[in-house]
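The following briefing is intended for a reader who is new to this structure. Please keep the sequence and the 3D view at hand while reading.

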Amino acid sequence: MQLLQSSSASPVWSYFSTICSIPHPSKHEKQLVEWIKNWASEQQIHCTQDSVGNLILSKEASSGYEQKTPVVLQAHMDMVPQKNNDSDHDFANDPIKMIIDGEWLHADNTTLGADNGIGMASCLAVLADKSLLHGPLEVLLTTDEETGMTGAFGLKAGSLKGKILINTDSEQEGELYVGCAGGVNVNIELPYEKMEPEVDSGAYVIRLTGLKGGHSGCDINLGRANAIKELAMLLNNFDGFPFHIANFEGGSLRNAIPREASVVVVCDAQYQNSLELLINTFQVTLLAKYKGIEEKLKLTVESCELPHSILTLRSQNVLLESLNNCNNGVFSMDSHFSSVVETSSNLGVITQNKTGGLSFKLQVLVRSQIEQDKHDEAQKIQDNFEAYGARVRKDGNYPGWTPNANSNIYQIMEKQYIKLFSETPKTMVIHAGLECGLFCDQYPEWDMISFGPTIKFPHSPDEKVEIASVDKYWTLLKATLEAID
């Protein structure tokens with residue numbers, strides 16, 4: 001890691017390395033929180049924790065900067081835990097292993113946590129840097145952003161004194177973000193009925209693996225395969241022989257495009273060769289469909305133990321029809337930012353409850369820059385599943401962040417970017433849920449901006465951060481803090 005320590009952003013890399021050594025998946029940030037508290041005490045930095053788990057750290061202004069506008073620098077503490085199926089990594093206990101690959105840093109078959117670990121590391125580096133010039137400064141580190149924005153939802157008015165908020169959770173260097181999409185979760189519970197299989201039947205597990213997945217906001221427009229949708233479509237096109245579904249599961253997070261899904265089917269043993277031929281044919285079809293996008297896609301079938309129960313044909317038809325009729329992917333693009341998705345949804349998770357109340361549980365995340373469109377698309381998904389007898393609940397609704405055409409912090413950061421790098425940054429809106437939208441409720445007076453280094457494929461094991469972009473990000477952050485009036 002000598003390359004990182006010799007870069008201009010070496011303080012950021014040092015803290016990021018420490019963050020990677022401490023497990024901190026969503027809802028398991030306690031160990032990292034305790035380390036930050038102890039670190040703050042050693043650095044003589046004031047640190048408090050609010051009722052929902054957010055950390056607020058503060059630092060006095062540099063000499064001569066006391067009258068400058070107070071600033072809140074913000075990041076979230078949790079990371080998305082995703083790994084390849086051949087990894088035995090335990091996110092609750094194992095450190096993230098960093099690997100330098102040319103100009104990029106990634107992890108060993110897992111998410112890296114650069115989202116938002118680089119931002120968090122830069123916040124700590126700013127607090128520790130006694131030579132950096134800035135006005136009154138607070139750092140807000142929120143909890144559980146990735147699975148529910150719990151910290152942002154629970155932030156109380158009056159907890160912070162700053163008037164400008166700089167969010168560090170964007171993922172493309174050279175772009176300054178002034179708005180984001182809102183989102184809402186659609187939670188589905190689809191009941192099913194079961195029966196016993198014929199004792200002389202054969203059972204087979206079909207797996208779709210090797211997909212890239214990714215962030216359900218930032219990567220939803222890349223044309224990647226959704227493992228749940230593709231497997232449901234495959235089963236819906238089985239017409240060569242009768243079969244029964246015993247088990248169907250896939251995905252792990254509502255905000256990650258599902259990379260894997262599996263189904264156990266039961267049919268007469270005489271159809272085994274036909275099944276294997278059909279799966280091989282579908283693999284060829286899928287590879288052609290996703291040529292240049294999903295080169296590692298793999299569809300397999302193998303024998304397995306006969307399950308104790310299977311779905312009735314009626315329940316099976318309901319499951320497949322409802323999955324295939326579930327809207328998924330990009331619905332519209334932003335008319336002001338041609339490369340930005342305006343409205344989308346992601347069918348992220350399906351699990352199966354086989355005891356008690358028999359049901360499939362599904363999680364869908366709908367995002368949109370337009371509040372009404374968000375609710376309209378969520379309602380379409382609700383209507384689809386309710387038509388098949390499902391119980392549907394919507395929660396986690398959070399607003400988008402509307403761009404402020406008169407933003408002073410944007411003008412300051414744009415000016416510094418041009419001065420430092422002799423080029424004009426792009427003004428962007430991100431199709432992801434930044435916490436800025438929620439902060440507007442409690443702190444409507446905040447002037448906000450979001451920026452960050454280049455992070456590719458967050459929320460997937462392919463996540464990587466461009467090393468040189470962190471240098472530019474760090475340089476711009478320091479210059480901006482010094483330039484704020």
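**Briefing on selected features**

N116 lies in helix α4, which covers residues 114-128; helices (H or I, at least four residues) and strands (E, at least two) are DSSP runs numbered from the N terminus. This is a predicted model, in which local features need pLDDT of at least 70 and side-chain atom pairs count only at pLDDT 80 or more, while totals for chains, interfaces and linings use all residues. Residues are numbered from 1 along each chain as its sequence is written, and side-chain values use heavy atoms, with hydrogens and water left out.

**Surroundings of N116**

- N116 counts as buried because its relative accessibility is 2%; buried means under 20% relative accessible area, exposed over 50%, and partly exposed in between (1.4 Å probe, protein chains only).
- The side chain of N116 reaches the backbone nitrogen of H76 at 2.8 Å.
- Apart from neighbours within four places in sequence, N116 is in contact (heavy atoms within 4.5 Å) with A75, H76, D78, T168 and D169.

**Strand β2 and S58**

- S58 belongs to strand β2 (residues 55-59) and is partly exposed, with a relative accessible area of 30%.
- In sequence, S58 and V139 are 81 residues apart, yet their C-alpha atoms are 6.1 Å apart in space.
- With neighbours within four places in sequence set aside, S58 is in contact with I45, H46, L137 and E138.

**Cysteines**

- The count of disulfides is 0, where a disulfide is a pair of cysteine sulfur atoms within 2.5 Å.
- C20 is too far from another cysteine for a bond, because the closest cysteine sulfur, in C123, is 15 Å from its own.
- C218 is in no disulfide either, and the nearest cysteine sulfur, that of C180, is 11 Å away.
- C20 counts as buried at 3% relative accessibility, whereas C218 counts as partly exposed at 24%.

**The largest pocket**

- The largest pocket holds about 510 Å³ of space, a volume being the space filled by probe spheres set on grid points joined across faces, edges and corners.
- A pocket is an open set of points on a 1 Å grid over the protein atoms alone, where a 1.4 Å probe fits, with protein on both sides within 12 Å along at least five of seven lines; lining residues have an atom within 4 Å of a point.
- Its lining has 21 residues, of which Q172, E175, Y177, C218 and N221 lie nearest the centre of the pocket.
- Strands β8 (175-180), β20 (426-430) and β22 (455-456) each supply at least two lining residues, and the largest share, 4 residues, comes from β20.

Conventions:
Polar contact = N/O pair within 3.5 Å; in protein donor to acceptor, adjacent residues only side chain to side chain.
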